[in-house]
Amino acid sequence: MPVLPHRRIVASVAIPVLLLASMPVSPVGAQSPGDGPAPVLILPTDRAAFLPGATFDIRIEIEGEALPADLAITVDGAPAADFFGAESTTETWSKGPETAPVPVQGVTWRGVSFAAPGSHTVEVTADGATTSVDWNVLAPSQGAGARNVILFIADGWTVAELTAARVISRGNVEGKYLRPFTIDQMPAVGLAHTSGLDSIITDSANAASALNTGHKAAVNALGSYPDTSPASADDPKVETFAELVKRLRGMSVGIVTTADWTDATPAAVFAHTRRRGDQADIAAAPLDSGLLPEVILGGGANWMLPETVEGGRRADGRDLFDEYEAAGYSIVTDATELATAGAAPPERLLGLFHSGNMNVWLDRNVFTDNQGSFTDQPGLVAMTNTALEILGTNENGFYLMVEAASVDKQIHPLDVDRMVGDIIEFDDAIDAAVRWAAANAPDTLIVITADHGHGFETFGTVDVEAFNAAADIPGKLDAIGLYADAGFPTYVDADGDGFPDDWAPSRVLAALVNNHPEYTEDFQVSSVPRVPAIAGADGSYIDNPDDDPNGIPMTPTMPLSSSQGVHTLQDVPVFAGGPGAEYFGAVLDNTDIFFGMAAAIGLDPSAADGITPADAVAPEVACEGVDFGGVCFTR
Amino acid sequence: MSPTTRVPTFRPTWLPGLIVCLLLAGCVTAGTSPTGEPPTGTPPTGGPTSSAMVEDRTVVVDHPPTDASGEAVPLSFEEFYDGYDIRTGLILSDTLRSLAGRRVRMEGYMAPPLKPDLDFFVLTRIRMAYCPFCSTAADWPDDIAVVYLTQGTMRATDRPLRLEGVLELGARRDEQTGLLSIVRIRADHIEPL
C-alpha cells in the first residue's frame, strides 16, 4: 500500500456535465478505477517547503491502464507545464504484489523550480475528482554572516545518551559535573522532530535526508520522495544542501563518518535513491553526477572494489579507487597517511580506512584485538581536523557533515560502553571544530544534532562485585542501586583525556534500552562488541548464551523477529554555535535544519550568485494566534 | 535421534535413498539436490575432486588438490586472511590457498538463515544476529564461510557446529541469493557440538 500522506481529495467543481452523467460521483478514498476516480499520488507531498530556485522533480501517479481523458494538472489554476515552463514525461508501471499488480500512470517533471516565494496549490483532476496539495516556497534569509557550515550528526543520539556519557567522562560530584562537554557550551539548544512520510519512527536515511534537503522522505529513501515504481533511482528528487551550495556558491563539500561512507547518513549529503542499500550505486554517485565532494573520509572500501577481488562488493566490475584517483583525488588508507595529507592539503581527498564500518573508539583504544588487521585507523577528531584543513582553503566557504555513526550502531545491540566512547569522541571532534573555527574562520556555523533516538536511559548504578557474586537473579537485582543507593559511578579519568582510565570500575551505570529482544544484561563493559540475541532454530531471536552469561534475563519487548533495539520517537537534541546559531534554539522539525543552515549563509538559490539580495524584504506574516513576547503562539 | 548425524557424503556408501535425521528435529532427505549454488563448479559426485572445484578467475592454488576425500585438515577462521589492503581487498593467507580443493574441518555457528530447511548456510566465527540474505548491505564480517550441503537439507540451529567438506576458494556471487562469498565448503558431514 503506497503512502499517501496529507493528501486531500475534493470533488472537482469543474467536472463536465457529461462526466457527471456517466459516472458515479465517487467518495473520497475510492480504491479502484473500476468503481470511482483513479487514486492519485502527488509528489512532493502536501505541506512541502522549498527555497526558490532549488530544483526538484514532480511526479503525479494515477492508478489505471491509461491516463484519464480528463487529466488536468495545474499549479494555482494554470497548467503545470506552463507554470514551470517545462514539459512532462509519461511512464507506466505496475505497483503492488505480483499476484495483484495495479497499473500506474506516472507524469513527471524533472529539475523544475519556483521563481519566487509564495504559497502554491497543485491540483490534479482525474476521472472527475480532484486531488490537491499545498506547497510553500519560503523567502530566503538575508544571512547571519556565516560562510561555512559544519553539521555534526551523532546517529541515534539522545539527551539520555549524552547525559550518561557526561557522567562517565566528566564525573559528577555532589550533583555537579566536574566539567562540561563542549557540546554543553553551545549557545543555542533546541529539539527536532524526526518522523518521516511513512511512519512516526524514522531511519537514518529519511532523517538525514530531511536534514540535508528540507524535505521529508520515507524509510530507506535519500534525497527523493518515494514513488511506487520498482526502480529505486527514478523517484522524484530534491536538491541537497551540498548540491545547492556547490552549484550556486562554489562552496566545498566534505563528508566525514565512522561508518561506510556510503551509509545512509553520509549518503544523504549527495545521493538520490529510494533504497539506501544500493551502496554500490551510492559509491559511484559523485563520479556519475559530477558533484565531487572535496573531502570523503570514513570506512567502506568494499563498496569501491569489484566483486572479482576478495571483499569487493561491486557487481559492475568498476574499481572506484582508480576512478576517484582519475577524478583528481588523493587517496589515503590509514591514519599515518591521513596525517601527512593534512600537512599539504590536496585539492580532493578520499580517505577510506576500513573494509566496512570503522571500529569504535573503545575497540581502537582499549580492546584493540577487535580491530583485526585495521590497526591504524584515524579517529573522528583526526578526520575532522584534516577535513577542515582542506575545506578551509576555499574562500567561498564549505559545508562539512561529520557523523559519529557508531553511537547508533552500538546502541542497536545494546552496547552502552561502545556507544558512550563514541559520544565522548564526538564531543572531542566538535571541540576540535570549535578551536579550528575560532582560530581560522569565526564565520562558521556549527550545528549538532541526531537523526533519531533510541530508548536508552540510566536509572541508577550497579555494584559490580555484588552483582557478580550474587547466587541468583534477586541477588543481582539487589546489586542495582536506586535513588540515594545509586550514589555515583566510580569511573576515574586520572590522565584527563576525557575517557575513563578503566572501563570496568567497581560501580557502573544501571542503564538499559527499553526495547529489546530476549537477552541477558550485566551492565558491564564487554570485551567484544555485543551480540545480545541470536536466531533460534525457528528463526525467532533468543538470548545469545555467549553475551553477558552472568546477566539478568530480560523478557523481549518487541517482535521475536527483531534481533536488537530499534529507533524511537522522541525529539532529538539540537545544539548550535556561531553565526546563525540562534535559529536552532527552538523546537524544530528536522526539515527546518536545512532551512536554518541556508538562512545562516544567506542562501537564495533563485539569485544568480546564490546570495540573498541585500534589498530582499521578508514578507510580513499576520499572527493568527496570540502575540506574546514577539512570538506568535498558535493552537 | 543421534546428536551426531552424518549428512550423505561424496562417497558411494552414502548414496541416495537414505533418510537421515539431522540435528534437533530436522531430517535430511538424501538425494535432494542443492539449489543454492549456481552451476559453475562441477558438483562433487564422488572420488577425489579436482581443481574444477575452483573457478578460473579465483586464486591460484599453490598445491593442486589431490586428496579431497582424504583426512580433513583443521581450519579456523583466524587462518583465513593475512589482512586487508584497502586498494585491493582481502589478502588470502597461504594456509587458506593451500587448502583449496582439499577436505577441511571447521567449527563455527550457523548465521540466522532465511528458511528453516537449509541446503546451504553461512558459517560464522561467533554467533551472529544478522541474516546475510535479509539485507545485502548488512555489515557482514569478512571471516565467514558459505556451507553447501552436498546432499539433502538440514534444520536451522543455534548450536555450535563442526563440519567437514571440500574447500572452494575465490570471490563469487551466488546467482540465486545474491550472496557474495570467498570461502565455500561443500560439506558432507555436519554435527552439532
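Predicted model: local features only at pLDDT ≥ 70, side-chain atom pairs only at ≥ 80, totals over all residues.
**Where chain B meets chain A, and some features within chain A**

A:Asp546 and B:Arg127 are joined by a salt bridge, with 2.9 Å between the closest N and O atoms. The bridge is one of 4 salt bridges that the rule finds across the interface of chain B and chain A. Across that interface there are also 10 residue pairs in polar contact.

Which elements give two or more residues to the side of chain B that touches chain A? They are strands S4 (81-85), S5 (89-92), S11 (161-173) and S12 (180-192) of chain B. Sorted by class, the residues on this side comprise 17 nonpolar, 5 polar and 7 charged.

The contact can also be described by counting residues and area. In chain B, 29 residues are in contact with 40 residues of chain A. Between them, the two chains bury about 2700 Å², and carbon and sulfur atoms account for 53% of this. On the chain B side, the most area is lost to chain A by B:Ile86, B:Arg87 and B:Arg127, which together make up 28% of what that side buries.

From H3, the residues A:Glu161, A:Leu162, A:Ala165, A:Ile168, A:Ser169 and A:Arg170 take part, and they meet A:Met419, A:Val420, A:Ile423, A:Ile424 and A:Asp427 of H13. This helix contact contains 7 nonpolar, 1 polar and 3 charged residues.

The loops on either side of H13 are worth a visit too. In the loop between H13 and strand S20 (444-449) sits A:Asp443, whose side chain forms a salt bridge with that of A:Arg147 at 2.8 Å, N to O. A:Arg147 belongs to the loop between strands S10 (129-137) and S11 (148-154) of chain A, so this pair ties together parts that are 296 residues apart in sequence. Over all chains, the structure holds 38 salt bridges.

The peptide bond joining A:Leu43 and A:Pro44 is cis, with omega about 0°. A:Pro44 is found in the loop between strands S2 (40-43) and S3 (48-50) of chain A. Most peptide bonds are trans, and most residues other than glycine have a negative phi.

Note on methods: Residues numbered from 1 in each chain as written. Chains lettered and ligands numbered in written order. Heavy atoms only, no water. Contact = heavy atoms within 4.5 Å. Buried area = accessible area lost by both parts, 1.4 Å probe. Polar contact = N/O pair within 3.5 Å; in protein donor to acceptor, adjacent residues only side chain to side chain. Helix = DSSP H or I, 4+ residues; strand = E, 2+ residues; numbered from the N terminus. Nonpolar A, V, L, I, M, F, W, Y, C, P; charged D, E, K, R; others polar.
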